[in-house]
Structure formats: structure tokens, C-alpha cells
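This report describes how parts of one protein chain pack together. Please look at the sequence and the model below before reading on.

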Amino acid sequence: MKKWIAWLLVCCMWLPVCTAEREIDWSKPIVALTFDDGPSEYTPRVLELLEQYGCTATFFMLGNRMSHYSDAVRLVAESENEIASHSWDHANLVTLSYQDMLENVLMSKNKIKTMTGRDAQFLRAPYGMNNKDLFTVCGKLDLVLVHWSNDSMDWDVKTPEEVYERVLNQLQNGDIILCHDTYEHTVIALETLLPELINRGYQVVSVAELLSNCGGISNRLRYFKLDLSKVPQQ
Ligand SMILES: [Zn+2]
């Protein structure tokens, strides 16, 4: 039995996740690459590296940073990469009232729409914390709550080598890899990590692309564990 792809918390109505335009070979290994907490001054360099190696990623942005790094936001929006929400201000959403939580996430979703014209499909909760209210908020705003399965720990480790080793040591087909485009050591790690993933035969894609062939998502509130062996082959 093939390894699990990733833990996903699903709290949405049926979503149009089948938006991938790039060709994906579902017989080959695949991972989604994600960046939290940006945009930042490092985001353009991340985009350069993604393009250089034919990879894409999902950028879970903080709404209150987007105007400050508007050029970086524009570059992501003009690329094949995906923009999603990481809340407005990295508040621990589960500590907020339902109304404050709703406004926080809605502000970030609206910011993405205003600055890029895109409708965010995904939310990554700060600290990965969720509760019943957050499921309800996501359902109301048509967002899928996306967790991760491979934590680079780049917020904790301090060198590119540690980030590189951390990701590769736990690498599994179908991983959703968590990084942050706010650290220089992460960007430097990508210079060797991306070609190594390619060398190992992996396709490096966005979350939407990873889910583009999963046959849709249930509208019921539930934990969702996607098994690559159940993804229909193209
Ligand atoms: Zn974060």
C-alpha cells in the first residue's frame, strides 16, 4: 500500500480544485511545496528557483504583509504559483471569537482577491491550530483548511543544510512540505533541495495541483486523509 499523501482538514462545500493546467504524471512521485508567513523580500528569489527547476508552490500569505510586499505579490500572481491565506495577521485563530475569526480570515481572502484578482481556495491555520468554529468559517468562505505532512522546521533550524536534510530525511510520496519564504537559509536550501527532488523523480507542485486529480472533496466536515493509491490514474 502506498504511503499516505498528507493530512488535510476539509471544511468546505464541493470545491473546484481541478484547476491545474500543467501536465502531471500521476505514475511518478509528487509533492506539494508550500510557503507560509510571506510575502517577504525573499519571495522573488523563491519564484526564480521554482521557475528554474520547473516547479510550482502554494504561498500561504499573511494579509497584513501583502501591501508592504506588493511587487512580490504581483510576481506570484503573474506566475503559475498559487496564493492562499494564512490569516490576516498570524493570530492564533482558535483563541478568537467566532465573529473575530470570521473577519480575520475574510479580510485575508478579500486582500488576495483585491490584489491579485484570484479567489483563494485554501487556508492554512497559523500554528496548525483548528477548532469547530474554524471549520464553520472555512465552510462559509469556501476555503479548504490545509495542513502539512513534512515540516522543514526552517523556523527552528538555522542553516540551509539542516532544512535540506530535514525535508529529505522524512520525504514521502504525496507530501505537503512546509517551508517559510521569510528566511534566507530556506531560500539557500531550495537551491539544492529542488534539484535533488527532481533528481529523485519527484514532481514539485502546488496544493491545487496535488489535489487536481483526487476526484473532488466531500462537503462534510471531517478529517481527510488522501491516499495516492486511490487517486484515479490519468
Ligand atoms: Zn505561520
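In this predicted model, helix α5 covers residues 132–140, and its axis comes within 10 Å of the axis of α4. The two axes cross at roughly 45 degrees. Angles under 35 degrees count as roughly parallel and those from 65 to 115 as roughly perpendicular, and α4 and α5 are therefore oblique to each other. The crossing in which α4 passes α5 is right-handed.

Which residues of α4 meet α5? They are Tyr98, Met101, Leu102 and Val105. On the side of α5, the residues that take part are Asp133, Leu134, Thr136, Val137 and Lys140. Helix α4 also holds Leu106. With a relative accessibility of 33%, Leu106 counts as partly exposed. Between Leu106 and Val137 there are 8.8 Å in space, taken from C-alpha to C-alpha, and the two are 31 residues apart in sequence.

A second pair of helices can be described in the same terms. Two packed helices are described by the angle between their axes and by the distance between those axes. Helix α6 spans residues 160–169 and helix α7 spans residues 184–199. Their axes lie 8 Å apart, at an angle of about 40 degrees. Helices α6 and α7 are therefore oblique to each other, and their crossing is right-handed. From α6, the residues Pro160, Val163, Tyr164, Val167 and Leu168 meet residues of α7. Their partners in α7 are His185, Ile188, Ala189, Thr192, Leu193, Glu196 and Leu197.

The ring centres of Phe35 and Phe59 are 5.2 Å apart and their planes meet at 20 degrees, so the pair is stacked. Why does this pair tie together parts that are 24 residues apart in sequence? The reason is that Phe35 lies in strand β2 (residues 30–36), whereas Phe59 lies in strand β3 (residues 58–61). Phe35 is buried, with a relative accessibility of 0%, and Phe59 is buried with a value of 0% as well.

The table lists the relative accessibility of residues named above.

| Residue | Relative accessibility | Class |
|---|---|---|
| Phe35 | 0% | buried |
| Phe59 | 0% | buried |
| Leu106 | 33% | partly exposed |

Some totals describe the chain as a whole. The chain has eight helices and 10 strands. Its length is 234 residues, of which 55% count as buried. Among the contacts in the chain with a separation of 6 or more, 80% are between residues 24 or more positions apart.

How values were computed:
Residues are numbered from 1 along each chain as its sequence is written. This is a predicted model: local features need pLDDT of at least 70, side-chain atom pairs count only at pLDDT 80 or more; totals for chains, interfaces and linings use all residues. Side-chain values use heavy atoms; hydrogens and water are left out. Rings of Phe, Tyr and Trp (its six-membered ring) pair if their centres lie within 6.5 Å; planes under 30 degrees apart count as stacked, over 60 as edge-to-face and the rest as tilted. Helices (H or I, at least four residues) and strands (E, at least two) are DSSP runs, numbered from the N terminus. Buried means under 20% relative accessible area, exposed over 50%, partly exposed in between (1.4 Å probe, protein chains only). Axes are lines fitted to C-alpha atoms, for helices over the stretch in contact, and angles run from 0 to 180 degrees between N-to-C directions. Angles under 35 degrees count as roughly parallel, over 145 as roughly antiparallel, 65 to 115 as roughly perpendicular and the rest as oblique. A crossing is left-handed if the near helix is turned anticlockwise from the far one by less than a right angle, and right-handed if clockwise. Contact means heavy atoms within 4.5 Å.
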